[in-house]
Amino acid sequence: MTEPSSPDFLLLSDSERLHALTCLGDHYAAGRLDDSEFHARSGEVASARTLGQLRGSFSDLPGGTPLTSVDGVIVQSAIAGGTTAGSGMEVASTSAVAPMGGGASGGTGAVARGTDADLEDLRKRGKLVESLDGMVIGLTLITFLVLQIIVDWQYAWMVWPSLVLTLGIPRLLLRYNDSDEKTYEQLKKDDEKARAERLRAANNRIRELGDGRENRG
């Protein structure tokens, strides 16, 4: 049984409760929670009185409870990352996924799952190509500066035409063509739009809950 002196019994301030709500909203925007889960958990967080009462709402989320106790003082942790940031979980674009439906043989559902897998594979390859592009361009710039300034080689500019070939190698190895790149760019736009919509919904919910005082008797 938890002792009264346990950090779980520390009372939350309004700013600490708001911080927890903001972190929960960030998880929602990242796609970890659906609408009903976020609505239910945000209500629980807004009405929480103690640090321990927050734990259930964050127990299955990366990073856990965004508030910790240090020497009897509640300390706020960093707001949970979105896509990014770190978890790698993203809001899937619904516009590009085949609809789930009740066909006689259940074939539509299988097609949708196959489409989801293809899109996820394209996302991974697109991200990898983007990362490699950045590395290649950065290394080419460094090489150019070294040859131009330090070595004083008058033909240092020759590294730039070779960039076209160098950038093409990852695309060839990953079988990433122009059509894939266009689809990936559209997926990124759709993901960003979906995330923005979730962020707006999360902010609206937090404003609706206020600091949770009306939910605490």
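The model is predicted, so local features need pLDDT of at least 70 and side-chain atom pairs count only at pLDDT 80 or more, while totals for chains, interfaces and linings use all residues. Residues are numbered from 1 along each chain as its sequence is written, and side-chain values use heavy atoms, with hydrogens and water left out.

**Overall architecture**

- The protein chain contains six helices and two strands, these being DSSP runs numbered from the N terminus (helices H or I, at least four residues; strands E, at least two).
- Read from the N terminus, the order of elements is α-α-α-β-β-α-α-α.
- The chain has 217 residues, and 33% of them count as buried; the classes are buried (under 20% relative accessible area), exposed (over 50%) and partly exposed (in between), with a 1.4 Å probe and protein chains only.
- Among contacts (heavy atoms within 4.5 Å) in the protein chain with a separation of 6 or more, 66% involve residues 24 or more positions apart.
- The accessible surface of the protein chain is about 13100 Å², and carbon and sulfur atoms hold 59% of that area; the areas come from the Shrake-Rupley method with a 1.4 Å probe, and for residues only the protein chains shown count as cover.

**Pairing of helices α1 and α2**

- Helix α1 (residues 14–29) and helix α2 (residues 35–47) have axes that come within 10 Å and cross at roughly 170 degrees; axes are lines fitted to C-alpha atoms, for helices over the stretch in contact, with angles from 0 to 180 degrees between N-to-C directions.
- That makes α1 roughly antiparallel to α2, on a scale where angles under 35 degrees are roughly parallel, over 145 roughly antiparallel, 65 to 115 roughly perpendicular and the rest oblique.
- On the α1 side, the contact is made by R17, A20, L21, L24, G25 and Y28; on the α2 side, it is made by D35, F38, R41, S42, V45 and A46.
- By class, this contact of α1 with α2 comprises seven nonpolar, two polar and three charged residues; Ala, Val, Leu, Ile, Met, Phe, Trp, Tyr, Cys and Pro count as nonpolar, Asp, Glu, Lys and Arg as charged, and the others, Gly among them, as polar.

**Aromatic pairs**

- The structure holds three aromatic pairs, defined for rings of Phe, Tyr and Trp (its six-membered ring) with centres within 6.5 Å; planes under 30 degrees apart count as stacked, over 60 as edge-to-face and the rest as tilted.
- One of these is the stacked pair of Y28 and F38, with 4.4 Å centre to centre and 10 degrees between the planes.
- Because Y28 lies in helix α1 and F38 in helix α2, this pair ties together parts that are ten residues apart in sequence.
- Both Y28 and F38 are buried.
- Another is formed by F144 and W160, whose ring centres are 5.6 Å apart and whose planes are at 55 degrees, so the pair is tilted.
- F144 belongs to helix α4 and W160 to the loop between α4 and α5 (161–173), so this pair ties together parts that are 16 residues apart in sequence.
- F144 counts as buried at 19% relative accessibility, whereas W160 counts as partly exposed at 32%.

- T140 has its place in helix α4 (residues 107–150) and is buried, with a relative accessible area of 10%.
- With its neighbours within four places in sequence set aside, T140 is in contact with V159, W160 and L163.
- D133 also lies in helix α4 and is buried, with a relative accessible area of 15%.
- With its neighbours within four places in sequence set aside, D133 is in contact with L167 and R171.
- M158 is placed in the loop between α4 and α5 and is partly exposed, with a relative accessible area of 41%.
- M158 and F144 are 14 residues apart in sequence and 8.5 Å apart in space, C-alpha to C-alpha.

**Positive phi angles**

- Most residues other than glycine have a negative phi.
- D71 has a positive phi, near 55 degrees; D71 lies in the loop between β1 (67–70) and β2 (73–76) and is exposed, with a relative accessible area of 77%.
- D152 has a positive phi, near 60 degrees; D152 is found in the loop between α4 and α5 and counts as exposed at 61% relative accessibility.
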